[in-house]
Amino acid sequence: IIRFDTSVDWHEIGAQQIGTPVLRVDFNPNIACRSVVNEIPLGTQERPVVGAHYPQWRWSALGDEKGGLILYNDCKYGVYSIGSMLSLELIRGCWGIDQHSDIGEHSFTYWLGCYDGPLEESEVPQHAAEFHSPVLTLPNAACETALPFKPDLSGHFVLSGLKKHEDSSAFAARIYEAFGMEGDLRLQVPEGVSCIFETTTDEKRHLAAYPAEKGSCTIPFRKYEIKTLLIG
């Protein structure tokens, strides 16, 4: 993975006569592809490479069944794609109502990487989460309880949130299926945990119960499904 730490002092102002100034970075790998995959909140979207601007969240990918190119970012949420070219829009000027909206200093980071094999079998979502939202340690903070589970998040399952349950000592985990594939998520839990509950998003009502045997629990997911699980 190649990391680009970027600082820009931007003073470009557009006008109706000259258009909108844009700073972007282009990558044109030798890959024959007909679509680009963009991560969106709690999922992905496959779109044609026809010369269009697309919104994204933390990454976009160009590739085929053998592998491809991944473009990660920490705060830039628009890409342009045509053919085998993938462009990340870094700064876009403005004119009209607020022509000074982006004037000044900017600091941001993006990463260029690759993956082997099918995208849905890669660890791209996990790497994107590490780059975009790294774990922060707080001074003088202590964790009294270890996490009561270990999820198998390889491939197409993504942990998007983890917190203490509102009304108990258990943990609430929000996990989603990212690539439109049905499958089973496996959780390793302590021997004393006999059941994992699926709850509503407000954690107030149980929707389903999944038994745990010998420290293991299997939870089925539909395509792009999002589940809130109560563990512990």
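Visitor: Where is Lys214 placed?

Guide: In this predicted model, Lys214 lies in the loop between strand E16 (206-213) and strand E17 (216-221).

Visitor: Why is Lys214 called exposed?

Guide: The relative accessible area of Lys214 is 79%. Exposed means over 50%. The value of 79% passes that cut-off, so Lys214 counts as exposed.

Visitor: What is the phi of Lys214 near?

Guide: Phi of Lys214 is near 55°. That is a positive value, in a residue other than glycine.

Visitor: Which loop holds Leu42?

Guide: Leu42 sits between strand E3 (35-40) and strand E4 (43-48). Its phi is positive too, near 60°, and Leu42 is not a glycine.

Visitor: Why is Leu42 called partly exposed?

Guide: Leu42 has a relative accessible area of 29%. Buried needs under 20%, and exposed needs over 50%. The 29% of Leu42 falls in between, so the residue is partly exposed.

Visitor: What makes a set of residues a nonpolar core?

Guide: Its members are buried residues of the kinds Ala, Val, Leu, Ile, Met, Phe, Trp, Tyr and Cys, joined through side-chain atoms within 4.5 Å. The largest such core here has 20 residues. Phe27, Leu71, Leu88, Leu90 and Tyr110 touch the most other members.

Visitor: Which elements give two or more residues to this core?

Guide: They are strands E1 (2-10), E2 (22-27), E7 (67-73), E9 (85-92) and E10 (104-116). E9 gives the most, with 4 residues.

Visitor: Which residues is Leu71 in contact with, leaving aside neighbours within four places in sequence?

Guide: Leu71 is in contact with Phe27, Arg58, Trp59, Ser60, Leu86, Leu88, Tyr110, Trp111 and Leu112.

Visitor: How many helices and strands does the protein have?

Guide: The protein has 1 helix and 18 strands. Its C-alpha trace spans about 70 × 45 × 30 Å along the principal axes.

Visitor: What share of the protein is buried?

Guide: Buried residues are 44% of the 232 residues. The protein exposes about 13,200 Å², and carbon and sulfur atoms supply 51% of that area.

Visitor: What share of contacts joins residues at least 24 apart?

Guide: The share is 65%, among contacts between residues at least 6 apart in sequence.

Terms used. Residues numbered from 1 in each chain as written. Predicted model: local features only at pLDDT ≥ 70, side-chain atom pairs only at ≥ 80, totals over all residues. Heavy atoms only, no water. Buried < 20%, exposed > 50% of the residue type's maximum accessible area, 1.4 Å probe, protein only. Contact = heavy atoms within 4.5 Å. Areas by Shrake-Rupley, 256 points an atom, 1.4 Å probe, with all protein chains shown as cover.
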